[in-house]
Amino acid sequence: MTKFRYDDLTWVEVRDAAAAKKAILVPIGSIEDHGPHLPLNTDNIIVEAVCFEVARRAPDEILSLPVLPVGFEDHHMDYPGSLTSSMETLLTFFADAAISVARHGFTHIMLVNGHGSNSSLVELAARKAVLQTGMIVGAMAGNAAVDDVLIRDLIAQHRKSAHGGIGHACEFETAMMLYLRPDLVQMDRAAREMGVPDLKYFNWDHPKPAAYAWMDWWSRFSKTGIAGDPTVATREFGERMFNATVERMIELLREFKQIPIKPRRDMH
Ligand SMILES: [Zn+2]
């Protein structure tokens, strides 16, 4: 069986994988409170499972790193548990992961973010890696964060919660965990809490994107750490969203791999 996990390879196999022009996934997550019913490693479990499954189904084309498990969490530190690091350190670290892979000859690298508050850092890290290496380095969301457009239509079609029900430790994340790690979900402790303002120009949930960015201290709008409605989450919804994400990501990466690396031109 072809290996799909980057760090399972030997250095000889890495050299062959680069020659075979495999795309590399870099899942990025967080250790963060996810309400009283989900574990701190919720983001890490979801984004790594998605990336590993993508690579497992297309191992001749794609390899995945294990998850980089720490993200930006300063605004969550009022709840016990989260690990955080500075924006500057994380930007450097996320970029360094992509730059390391590029130095071994991989040309197409995708940073896959599983924690909403990493999104701007992950996007900047991808840009930094492009400018530093000349390789094609992209950034995308691998969960239902507000910047995720991959399965937005399917979420709208199959969700049970009302608008505001998908945000954090919500219907989506709880359903994904009921599918991936039901042993870690305590549904009897799940609660509905919709504290994020639902305004004309600002909200978190699909399909109404916010016209501006704003992130408050979490303890100022959530008592439980939940933003949304996990009480209606089902394993079936999670399984459907997981498989749809994996299928569309494989299609996305096949397109991404076709982006050519063109020479720069000095127009002075
Ligand atoms: Zn999460």
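The following paragraphs go through a predicted model, from its sheet to the helices around the sheet and then to single residues. Local features are given only where pLDDT is at least 70 and side-chain atom pairs only at pLDDT 80 or more, whereas totals for chains, interfaces and linings use all residues. Residue numbers start from 1 along each chain as its sequence is written.

The sheet is open and has four strands in the order β2-β1-β3-β4, with parallel pairing. Helices (H or I, at least four residues) and strands (E, at least two) are DSSP runs, numbered from the N terminus, and two strands pair if DSSP finds at least two bridges between them. At the edges are β2 (62–64) and β4 (136–141), each of which pairs on one side only. From one strand to the next the twist averages 25°; angles run from 0 to 180 degrees between N-to-C directions, and axes are lines fitted to C-alpha atoms, for helices over the stretch in contact.

Strand β1 (residues 23–28) runs parallel to β2 and is joined to β2 by three bridges. Within this pairing, L25 has S64 of β2 as its bridge partner. Helix α3 (residues 87–103) packs on the sheet and touches β1, β3 (108–113) and β4. The direction of α3 makes about 155° with that of β3. Contact here means that the C-beta atoms of two residues, placed from the backbone, lie within 7 Å.

How much of β1 is buried? Six of the six residues of β1 are buried, so the strand is largely enclosed by the rest of the structure. A residue is buried if 20 or more other C-beta atoms lie within 10 Å of its own, exposed if 12 or fewer, and partly exposed in between, with C-beta atoms placed from the backbone. In a regular strand the side chains alternate between the two faces of the sheet. In β1 both faces are covered: A23, L25 and P27 are buried on one side, and I24, V26 and I28 on the other.

Two helix pairs involve α7 (residues 235–256). In one, the axis of α2 (residues 42–57) comes within 9 Å of that of α7, and the two cross at roughly 55°. That angle makes α2 oblique to α7; angles under 35 degrees count as roughly parallel, over 145 as roughly antiparallel, 65 to 115 as roughly perpendicular and the rest as oblique. The crossing of α2 with α7 is right-handed, a term used when the near helix is turned clockwise from the far one by less than a right angle, anticlockwise being left-handed. On the α2 side the contact consists of V50, E53, V54 and R57, which meet F242, T245, V246, M249 and I250 in α7. By class, this contact has six nonpolar, one polar and two charged residues. Nonpolar covers Ala, Val, Leu, Ile, Met, Phe, Trp, Tyr, Cys and Pro; charged covers Asp, Glu, Lys and Arg; the others, Gly among them, are polar.

In the other pair, the axes of α6 (residues 171–180) and α7 come within 7 Å and cross at roughly 90°. The two helices are therefore roughly perpendicular to each other. F172, A175, M176, L178 and Y179 of α6 make this contact with R235, F237, G238, E239, M241 and F242 of α7. Its classes are eight nonpolar, one polar and two charged residues. Helix α6 is itself largely enclosed by the rest of the structure, because 10 of its 10 residues are buried. The cover over these buried residues includes α2, α5 (152–158) and α7.

A55 is found in helix α2 and counts as buried because it has 27 C-beta neighbours inside 10 Å. Apart from neighbours within four places in sequence, A55 is in contact with F4, R5, L25, I62, L63 and S64.

P39 is found in the loop between β1 and α2. With 19 C-beta neighbours inside 10 Å, P39 counts as partly exposed. Not counting residues up to four places away in sequence, P39 touches H34 and L184. The C-alpha atoms of P39 and Q186 are separated by 9.2 Å, although the two are 147 residues apart along the chain.

Two residues other than glycine have positive phi values. K21, in the loop between α1 (11–19) and β1, has phi near 60°. A169, in the loop between α5 and α6, has phi of about 55°.
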